Amino acid sequence: MASSSSYPSATPNLQFSKICFFFLLFTSYSMAALVQQPPLVLKYHKGALLKGAVTANLIWYGKFTPTQRSIIVDFLQSLNSAKSLQPSVSSWWKTTEKYSGGGSSNLVLGKQFFDENCSLGKSLKNSHIIYLAAKGGHLNGAVNVVLTAEDVAVDGFCMSRCGTHGSTREATRFAYAWVGNAETQCPGYCAWPFHQPVYGPQTPPLVSPNGDVGVDGMVINLATVLAGTVTNPFNKGYFQGPATAPLEAVTSCTGVFGSGAYPGYAGNVLTEKTSGASYNAHGVNGRRFLMPAMWDPQTSLCSTLV
């Protein structure tokens, strides 16, 4: 048995409920200066959070190029790097320290496992994701992350979710997460704002900061599920709504990447002069990333880096 939380894409206006959420969270662009954003409250359900040293073990399923793997690894190593320029991925991650319990979630890269030949096939169910995640071990204070390649289909992928996090319920309980590469399957759903959205306002896409729409989209979704994992690892942490479909640290701020965001517009972000790439956070090895807004429990608002 396992419990999990699934994440729809950042693409706005995909379904009526999401439309309603955006109208509650934001005003229209013309009214943004006149109406104050209402506070958003994620209830703390008194359960354990992942604090202290948190090891992220990676299970690569399918073929990823060395460059693609390095983008993901650099992102993970940026979460707790004190050497990056500001604004940084690590300053974005520090928002998780504000969640009840105190202290930081010092996420570090652990072991990596590779299944390039797709031993379970290229059409996976959630049970396959949990099976693959178990390869990372069953240690407390760890999250096993399954990353699926662009030609691997997963139940619900591109239809209702872009990633998942959850935990098993057996005695050997462990936290896990999954994110897929959407470049060839649904970039307008799971890689927005780096691709034209499937639905909603058709604003021009942003240029991805590392030159890979699919993997830069994975970074956004990986950031989403990791923030959800450390602040609600066992469905007893911070969330709003039902535990089976919760709004969590980042999903409560869907579609927001910078100040002034509204449905169809990611917000004010930084632009690299030469390439025109959009980003809002610096990482290790000169990397740039686009980090989604995260709910700040001290202000009850969605916090952005720029």
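Predicted model: local features only at pLDDT ≥ 70, side-chain atom pairs only at ≥ 80, totals over all residues.

Student: Is Lys 98 buried, exposed or partly exposed?
Tutor: Residues are numbered from 1 along each chain as its sequence is written, and side-chain values use heavy atoms, with hydrogens and water left out. Buried means under 20% relative accessible area, exposed over 50%, partly exposed in between (1.4 Å probe, protein chains only). Lys 98 has a relative accessible area of 35%, so the residue is partly exposed.

Student: Which residue meets Lys 98 in a salt bridge?
Tutor: A salt bridge is a side-chain nitrogen of Lys or Arg within 4 Å of a carboxyl oxygen of Asp or Glu. Here the N to O distance is 2.8 Å. The partner of Lys 98 is Asp 296.

Student: Is Asp 296 buried or exposed?
Tutor: Its relative accessibility is 5%. Asp 296 therefore counts as buried.

Student: Which residue forms a salt bridge with Asp 74?
Tutor: Asp 74 is buried at 8% relative accessible area. The closest N and O atoms of the pair are 2.9 Å apart.

Student: How many salt bridges does a search of the whole structure find?
Tutor: Another one joins Lys 94 and Glu 97, at 3.5 Å between the closest N and O atoms. The search of the whole structure gives a total of five.
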